[in-house]
Amino acid sequence: MSEAKQNASDARRLVVVSNRLGNIRDMSQAGGLAVGVADALAQRGGLWLGASDEYYDSAAGDEPLIRVERLGKIEMAALALPREEYSLYYNGYANSTLWPLFHYRLDLVKHQREFLQAYRQINARFAKALAGLLSGNNDLIWIHDYHLIPLAAELRRLGVGNRIGFFLHISFPPPDLFVATPDHEELIDDLLQYDVVGLQTETDLANFRRSVETTNSISFDIKGATEAKGRAVLSRSFPIGIDVDSFARMANDAAEDVQIDSMRRQILGLKQIIGVDRLDYSKGLPGRMQAFARLLERHPEHERAATYLQIASPTREEVSAYAEIRSQLEATAGSINGKYADLAWTPIRYIHRAVPRSRLAGLLRASQVGLVAPLRDGMNLVAKEYIAAQDPGDPGVLVLSRFAGAAEELAESLIVNPYAVDEVADAIAKALKMPLEERTARHGALLKRISRNDAAEWRRSFLATLAGEG
Ligand code: ADQ
């Protein structure tokens with residue numbers, strides 16, 4: 001893109017909407033969405049709207065309750081929402097209907113009328129609040145994720161004619177699964193109210209386009225454009241990235257105790273395999289532990305010599321499927337440790353809490369294998385963080401699920417099928433034995449790729465496309 005064009009799109013005010021607001025004051029804990037969005041807002045100024053963490057209990061009139069705070073060039077707008085309705089929207093439709101559906105888990109999908117109703121009502125509330133905050137039809141509106149699919153449709157209903165883009169952070173299912181939700185036609189109609197629909201990968205993009213074709217009998221041209229009800233809609237993939245340099249710096253400046261632990265293991269010749277995830281059933285956590293147990297069974301030389309560290313932060317604990325995966329994981333870790341542990345060695349160390357990012361970066365660097373084996377994942381930023389965290393002179397090896405969006409970009413990792421426990425175990429064994437030369441060659445190629453497709457490139461390409469310049 002030329003300088004002139006970049007300046008043209010940068011001149012327009014950016015308005016971002018996501019379910020939750022990022023913490024602009026302290027980006028040290030922020031993930032890809034927050035980093036990409038906050039950088040863009042800091043550069044050009046703009047507004048970020050998200051749900052407040054304060055709720056009200058009864059339907060207190062119809063006027064949106066918004067608290068706007070200005071931080072330099074950025075306005076942060078927190079929208080207070082009715083507690084009960086928010087829960088039906090968030091725990092209900094977003095995380096008990098859409099999340100499992102979009103992660104190919106029809107067995108876990110819950111359909112309840114009240115979920116859908118609340119989902120639409122909350123989106124209507126977001127739309128009303130946003131319409132009152134727009135400064136004109138030149139504002140570029142960028143809406144994030146599955147919580148807010150109907151937001152453009154609600155805004156159009158209020159007469160908002162601005163360019164509106166949508167980015168889906170999670171995977172999009174194939175049409176055969178997608179049409180299993182009774183609401184599939186509505187969801188597609190909603191998505192076709194955007195000017196740009198962005199997905200993580202080519203697979204998601206193809207699934208989205210085929211789902212539109214199946215539902216509405218309209219197809220996309222070779223550039224990803226279509227026309228629906230007189231509106232032009234463009235669909236593209238925009239793989240999200242991380243801020244590679246800042247993550248690498250954090251990993252390099254790791255806390256002293258992490259460094260001491262790493263040196264101790266080095267002296268004793270002990271290896272560490274690491275997994276870092278939200279405790280979500282899509283992340284395939286019990287399968288990873290089983291693969292580690294198979295490693296010990298099939299490659300007994302790793303007994304007492306390798307440890308699996310799994311950090312799994314609590315998430316969505318009010319949704320029953322999450323309570324189940326937690327007890328399943330604890331039982332799996334317990335039974336493997338019961339079988340193999342001795343006084344000097346605990347094979348699996350399992351930490352059920354969030355860890356500060358700087359510490360996390362140090363732990364990733366201190367681990368010889370990064371095990372990222374989700375059953376389905378939009379992108380998976382941990383895979384990219386693991387690469388960024390490594391010492392380029394002596395890097396670890398990434399073992400990556402073919403069902404993570406990141407696998408499309410990260411071909412030099414050891415790609416595995418997470419359903420095939422033996423295959424994952426063998427890949428871990430290969431990673432643990434990989435010679436330095438092969439490790440540095442693979443890591444060099446991966447680092448180059450994540451540096452090129454970083455968080456800045458992600459938002460630059462999305463916003464240029466949204467502004468009609470891409
Ligand atoms: P998530 O499903 O949350 O994101 P992921 O991409 O891995 O998955 O991002 C998780 C972020 O949280 C990473 O930055 C990671 O370091 C951090 N994190 C995870 N566990 C942690 C812990 N215990 N302590 C501290 N930090 C922790 C969704 C989609 C993904 C997509 C992203 C971004 O599901 O597929 O990659 O959005 O688009």
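1. Helix 7 (residues 184–191) and helix 8 (residues 202–216) have axes that come within 10 Å and cross at roughly 115°, where axes are lines fitted to C-alpha atoms over the stretch in contact and angles run from 0 to 180 degrees between N-to-C directions. This is a predicted model, in which local features need pLDDT of at least 70, side-chain atom pairs count only at pLDDT 80 or more, and totals for chains, interfaces and linings use all residues. Residues are numbered from 1 along each chain as its sequence is written, and side-chain values use heavy atoms, with hydrogens and water left out.

2. The contact (heavy atoms within 4.5 Å) is made by His184, Glu185, Ile188, Asp189 and Leu191 of helix 7 together with Phe208, Ser211, Val212, Thr215 and Asn216 of helix 8. These residues divide into 4 nonpolar, 4 polar and 2 charged.

3. His443 lies in helix 16 (residues 436–452) and is buried, with a relative accessible area of 4%, buried meaning under 20% with a 1.4 Å probe and protein chains only. A polar atom of the His443 side chain lies 3.0 Å from the backbone oxygen of Ile387. Leaving aside neighbours within four places in sequence, His443 is in contact with Ile387, Gln390, Pro392 and Pro395.

4. Helix 17 (residues 455–466) has 12 residues that should span 16 Å at 1.5 Å a residue, and its end C-alpha atoms are 17 Å apart, which agrees. This helix is mostly covered, since 9 of its 12 residues are buried, including Trp458, Arg459 and Phe462. Gly468, whose phi is positive, near 85°, follows helix 17.

How values were computed. Helix = DSSP H or I, 4+ residues; strand = E, 2+ residues; numbered from the N terminus. Nonpolar A, V, L, I, M, F, W, Y, C, P; charged D, E, K, R; others polar. Expected span 1.5 Å × (residues − 1). Buried < 20%, exposed > 50% of the residue type's maximum accessible area, 1.4 Å probe, protein only. Polar contact = N/O pair within 3.5 Å; in protein donor to acceptor, adjacent residues only side chain to side chain.
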